[in-house]
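Colleague: Please pick one part of this model and go through it closely. Give me the cut-offs as you use the terms.

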Amino acid sequence: MKIEPNSYVPILPMVLVNGAEGIGTGWSTSIPCFNPGEIVKNLQQKLKNPDFTFTKMIPWYRNFTGTIE
């Protein structure tokens, strides 16, 4: 009997929660972390109204009290 799932499909886009940084074939990327609560609100609004334009999110890091520029 197989217990493991065939695929892992997260509810939240984890790249937005955890952030990402790396280099591909000649291209680099840097994605900051965002507040999971804001991600959920944006996704819920998009599911309710496909014409919804995502609200701008600012980078967020747990326990960080400074400002991000």
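Modeller: A residue is called buried under 20% relative accessible area, exposed over 50%, and partly exposed in between (1.4 Å probe, protein chains only). The model is a predicted one, in which local features need pLDDT of at least 70 and side-chain atom pairs count only at pLDDT 80 or more, while totals for chains, interfaces and linings use all residues. Residues are numbered from 1 along each chain as its sequence is written, and side-chain values use heavy atoms, leaving out hydrogens and water.

I will take the segment after helix H2. Helices (H or I, at least four residues) and strands (E, at least two) are DSSP runs, numbered from the N terminus. H2 covers residues 36–48, and Asn42 is placed in that helix. Asn42 counts as buried because its relative accessible area is 4%. Apart from its neighbours within four places in sequence, Asn42 is in contact (heavy atoms within 4.5 Å) with Phe52, Phe54, Thr55 and Met57.

Two of these contacts of Asn42 are Phe52 and Phe54, whose rings also pair with each other. Rings of Phe, Tyr and Trp (its six-membered ring) pair if their centres lie within 6.5 Å; planes under 30 degrees apart are stacked, over 60 edge-to-face, and the rest tilted. The count by this rule is 1 aromatic pair. The ring centres of Phe52 and Phe54 are 6.0 Å apart and the planes stand at 80°, so this pair is edge-to-face.

Ile58 belongs to the segment after H2. Ile58 is exposed, because its relative accessible area is 57%. Even so, Ile58 has contacts beyond its neighbours within four places in sequence, namely with Phe34 and Glu38. Between Ile58 and Asn18 there are 40 residues of separation in sequence and 14 Å in space, C-alpha to C-alpha.

Tyr61 is placed in the segment after H2. Its relative accessible area is 37%, so Tyr61 is partly exposed.

Asn63 is also found in the segment after H2. With a relative accessibility of 74%, Asn63 counts as exposed. Its backbone deserves a remark. Most residues other than glycine have a negative phi. Asn63 is not a glycine, yet has a positive phi of about 65°. Asn63 and Trp27 are 36 residues apart in sequence, and their C-alpha atoms are 31 Å apart in space.

A positive phi also turns up in the hairpin. Strand E1 (residues 20–23) and strand E2 (residues 28–31) pair in the antiparallel sense over 4 bridges; two strands pair if DSSP finds at least two bridges between them. The hairpin has 4 residues between E1 and E2, and Gly26 in the turn has a positive phi of about 85°. On the E2 side, Thr29 is the bridge partner of Gly22, and Ser30 is the bridge partner of Glu21.
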